[in-house]
Amino acid sequence: MRWGMLINLVKCAGCYGCVIKCKQEHFLPPDVMWGRLLMSEAEGQYPSVKKNTYPVLCNHCKEPVCVEVCPTGATLQREDGIVEVDSDKCMGCRYCLISCPYQVRTYMSSEDKEYFPGQGLTELEEAGKKLYPHQKGVVTKCNFCLERVDKGIKEGLKPGQDREATPACVNICPTKARYFGDLDDPDSEISVLIREKRAVPLHPEHGTEPCVYYVIG
Amino acid sequence: MKSKISTSTKQEEYWSYSICAGCYNLCGVKIKVVDGVPVAVEGVPESDLGGRGGMCGKGVATIMDFHDPNRINYPVKRTNPKKGLYEDPKWERISWEEALETIADKLRTAIDKDPRSIVWAFTPGPGTPFKATVFASFFFLACGSLNQAFGGVGSQCGAAAHHAGALMHAAWDILPDYRFSNYVLRCGGNEGHGGGRMASTSMRQAAAARDRGMRTVVMDPIGFRAGADADEWIPILPATDIAVFLSIANLIVHEIGIYDKEYIRNKTNGVYLVGPDTLFVRDKESGKPLLWDEKDNQAKTYDDPTLSHPALDGEYTVNGVTCHTGFHLWKELIKQYDPGWASKISSVPEERIRNLAKELVEEARIGSTIEIDGKTFPYRPACVVGYKGVQSHQNSFHQYLAMNLLNVLLGNQDVPGGILGSGTVRSFGHPESGRPNFEPFGGVDGMLTPGFWHTRTPWPPHEVKGPGLVNLLDVMADSSMNPYPYTDDFEEIWTKAGRPYEVEVYGNYGGNVAMNIVNPDIAEKFLGNIPFSFSINTIHNETTEGFADIVLPDCHAYESHDVASSIGFFFNYPIGLDKWSFHVRMPAVEPKFERKDTLDLFFELADRTGIRKEYNTFLENYFSGKSSTWEQEDVGGGEPEIIGPDEKLSGPEFSDRVLKFYFGEEKGLDWFEENGFITWEKKPEECYWRYFIDARIPMYFETVAKNKPKVKEICEKLGMHMNWDCYTPLITYFPSVIFTELPEDSEYDLLGVSYRDVLHTHRHMLENPIVDEMSASNPYTYNIVMNQEMAEKKGIEDKDIICVESHWGDKVEGRVKLSLLIHPNVLGVVGLGGWAKGRPIAKGKGVNFNALLRSDYKHMCPVVGSLEIVSRVKAYTVKRRTEK
């Protein structure tokens, strides 16, 4: 069992739905994003220039450097492959943040930032503090919506197929570009699609065996 | 509703169904409410209206709009008597009683004097589109004023696109039939890629099509939007698409020789006979246009039951005059448009134009058929589609119609794989109730006429008269919207017209006219002179702060009842074979403070103004299907089916009545609150209706020729010396004024274009802090995008602050983003920027492109009224931003 994600860039329209939904799902404060949309224009001769738009998130690498470097054991890898941060153990040293070759970790600063600066926290932000509290002064990142995955499995649901057990970014994608499933199961939809569409991870040369794959157009 | 899925014992948690508030495309949504606080929004997986559970980023971000502490909570009045841009209104809270009575008093006085002195505006913007076009419009129409001065998207809205959509498809807009399409040539638009029409619905459909191998070619000055997702990006100079379209038409008709002759013969007026006076040759008795029946070798009316084989071309003598078919005349005309010529104008290589023609013809498979549900349809899996970039120019009538005529040649309109009117314009109704029921029909001269329409009747064009309206739409019979009265020359024109009346009251629903429509300085000229203005908004903006005397607090879409957004096919019925999915906007939570729901507000104002009967009648006619357009003078009485003339209902009661009318007594508001939405299968002959409706579409625009003398006479008297050659019934090449108003070697060597960013709907989303966060991380959104090679020639480097200066001396400043995905002669800017105190997040973000535009008759399409939204500019580095 190893949870993984596939993002079909042929379908992705770069709408930010995944990035914003992730913030909403986890009540992330200003300047903290667990997912991002990276854009660049590749080299080329006008007008045959390709624009790269990569939605990125924690790759939940099979060989995670972040786990290796963490001095307190706060970053750990579960048996199902999900790499998570135990905020109680994290001391905010940020070794993991520096070592992550994909730069998808964020330090949760101790300031209480407001979405409307100087106007106080909104009811939404206040609600978030109760519904999804974040510890300050620790490193934070995408957790593959493990709460949804774990709860769903307990209820007999199948992550990647049943909405309630599937990461929020997968559900929200209006172009259905995202897939979630078990990479260790060769017959899972995600494994089949990775093979059929020749999906590849981002920068495999880092040797961390990322579990997020991309179909490149 | 509130399908209460309580998942926790600690909190009260439920999901509430509504309609998205992110743009005007009305995707069905669910809102999660915990302990009375809306905390999340997502799509509805079982519905085809939207992303089947998915939503685009700006839709997801709407929850943050809801919680904006800057929202308007109470009626306020202006205490600073000075009106103008940048003025502080010095708001003072007042009671609803004072607010409504003051407004009603001003309205009553104006109605007594001259109802036309009430000018009104709205924006079909985020969360408000049909509240605006139905609830708000009907209120002002009930006051007796057709004097709508388009607000919000205004001049940049679809003057040509909606005109052509109505005439060609009986629809508001067009979209490819992604389910079966194999090839799309997309010009100047971003729909299916995050922006524009049908939002998440078309994104979902387009993505699936790309994934199965549909080929997309994007011809656009900008290559970093839809062009980036496409198989190929073809850069083109703005407003020159017309040359490429006409040249492709020439290649298809005269070189390749494969086009859908049967479609032209049976479904267009291209076979109507045209006399030397450029008008149709008509039957002397009935006045109906004549065609030449090749089988019987004689002229017959278009509806003659013995007509079997109308002649496509040739010369005939009928009624004693020599005549030709309209298609014959156009065919001859387009011979001159060779691809070499088009290449010089557009910068698209000649060989590429030739290949585009070949690709379109090959991919359209003219003559092929497809079987769906046991029925056989023509199969045309290729189309040309475009929108703002094609239609928002001074030559837009001819340019946008030239694009449509390519689809006519391919015979792909409203058939599988081709180009469809959006959403779906033919409905047999729900299987149990048979409602909503509408379909297009053959109207005057046998021409396609929409079966349902809001705004003014698109066909036949109204009689040319006036000027009696400040929008001059009474004069411009083929225009449904134009920049008037927000123009440089309005005062002069109004004076020449003898000033039939002065504007006394300006009523605005939603939107931000001063910023969204044209150069703010020009908007100020009109808005600053009106004695009394009121506005209904959820949040203040540059327009309310600058010009409103009273502002009323509207409900956010997620605390609102709105059945208007459910009715009609404009953006809210899923396109193609997607299932019918009928959603209703219902509040997730009750409104706080003194915010009042839109319909309740208008009901109350109607009572106080003394127009309740008229208002109710408009609502009754529209929602019961008696008459959907703005002109309802000829609607007969009859028993009311939804609301009686004097009946007093609340907004929710009205929703309930409408829903029961459509779906039966069992399916009123309670049912929808519980179930959220209703969905049923669409029949293929509903979405692919073209061959099931006996109607023709125009290839020859006779009414334009017919209207020309009178429009010209009136306009010339008003000092509007437009290019009257544009009033030709044959779609012809005309360059936009941007290529003729300055010498070729002018120092203003760049063309500034505005584009829509995936996260921004007009300026509305700019106040949303999450959207702001994303926009700040996007290399394009807040910056001025410039071609890298051009920048090198000018010594401009990436991230420089540059000034963009129009040849009128208007300037905007911003940081430059260099790119190879933009035409060398083009600067690309998202229309943003602002200074309103009531929008602190938006303040100073992005660049206000509109400040570079001029608005006058010289920059307006003489036929349909589109404003030219490209500006000739120069760009140079400055040390820092100095603009206000």
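1. Helices (H or I, at least four residues) and strands (E, at least two) are DSSP runs, numbered from the N terminus. This is a predicted model, in which local features need pLDDT of at least 70, side-chain atom pairs count only at pLDDT 80 or more, and totals for chains, interfaces and linings use all residues. Residues are numbered from 1 along each chain as its sequence is written, with chains lettered from A and ligands numbered from 1 in the order in which they are written.

2. Helix α3 of chain B (residues 129-142) has 14 residues and spans 19 Å from its first C-alpha to its last, close to the expected 20 Å, a value defined as 1.5 Å times one less than the number of residues. α3(B) is mostly covered, with 14 of its 14 residues buried (20 or more other C-beta atoms, placed from the backbone, within 10 Å of a residue's own). Just after α3(B), Gly144(B) has a positive phi of about 95°.

3. Strand β19 of chain B (residues 419-422) is covered on both faces: Ile419(B) and Gly421(B) are buried on one side, Leu420(B) and Ser422(B) on the other.

4. Ile248(B) contacts Ile353(B), Leu356(B), Ala357(B), Leu360(B) and Leu406(B), leaving aside neighbours within four places in sequence; contact requires C-beta atoms, placed from the backbone, within 7 Å.

5. Between the chains, 39 residues of chain A are in contact with 47 residues of chain B. On the side of chain A that touches chain B, α1(A) gives the most, with six residues.

Note on methods:
A residue is buried if 20 or more other C-beta atoms lie within 10 Å of its own, exposed if 12 or fewer, and partly exposed in between; C-beta atoms are placed from the backbone. Two residues are in contact if their C-beta atoms, placed from the backbone, lie within 7 Å.
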